[in-house]
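Here are a few exercises to work through with the model open. Try each task before reading its solution.

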Amino acid sequence: MRIEEAIIAYRALSKEYGWKWLALFIRSLSRKSELLRNVRCSTAEEMEFIKRLPIVSAFYLELASISDAEEALDMMRCVIVPIGLNESMKGFRTLEDSYSTPMEHLVSYLDSVDGKGAGRFCHREYPKKNDRICHRVVTKCPFHGFFSEVGTPELTQLFCEVDRVFYEKAFPTLVFHRGDSWENTIAYGKDHCDFIFEPKKDI
């Protein structure tokens, strides 16, 4: 865990657990290796990416051991969403802002993330992509694949929430939605994730 991520975790968890959260985190460090042994990846590159995720499941399971699963998920939300937003915004700020329309800016951003991070291991297509709408469909999510393998698939929902917070912040003149429900994602049992972007004035 990076220092800035540890600070976010401390701020979120110390209010509820005091310094007990640190003891739980230390216990989860030994548990994460066991979780990683159960994971199968198609390439060494994907395994290198996945190595960051076992601590998330391990810490969640430690939290669930002293509370119920719903409370543990809520506390993980307080950690994962701000950390995910922080990381996404750092990547977003490296992209040049020299586009004639917000939609062009968005498409350029999506093209850039497809080649790095989790984007390298997603399967995606674009049913619609023009100057009025961008509809991106993801049919394979590496987060869901990992969390399902280690028995904590519900954690994938938190990464869906990161998307929602990030796109609203990064592209304020566009509306990001998933069709008729925010649960139109693999994390909620659908066969794909919908990412739909439209100019606000068109909604």
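**Exercise 1: a covered strand**

Both faces of β4 are covered: on one side C193, F195, F197 and P199 are buried, and on the other D194, I196 and E198 are buried too. Buried here means under 20% relative accessible area, with a 1.4 Å probe and protein chains only. Strands are DSSP runs of E with at least two residues, and helices are runs of H or I with at least four, numbered from the N terminus.

A word on the source: this is a predicted model, where local features need pLDDT of at least 70, side-chain atom pairs count only at pLDDT 80 or more, and totals for chains, interfaces and linings use all residues. Residues are numbered from 1 along each chain as its sequence is written, and side-chain values use heavy atoms, leaving out hydrogens and water.

Task: work out how many residues of β4 are buried.

Solution: β4 covers residues 193-199. Seven of the seven are buried, so the strand is largely enclosed by the rest of the structure.

**Exercise 2: the neighbours**

Task: find which residue of β4 is the bridge partner of H135, then do likewise for H177.

Solution: start with β2 (residues 134-140), which runs antiparallel to β4 and is joined to it by five bridges. Strands count as paired if DSSP finds at least two bridges between them. H135 has I196 as its partner in β4. Next take β3 (residues 174-177), antiparallel to β4 over four bridges. For H177, the partner in β4 is I196.

**Exercise 3: the whole chain**

Task: count the helices and strands of the protein chain.

Solution: there are eight helices and four strands, in the order α-α-α-α-α-α-β-β-α-α-β-β from the N terminus.

Definitions and conventions
Buried < 20%, exposed > 50% of the residue type's maximum accessible area, 1.4 Å probe, protein only.
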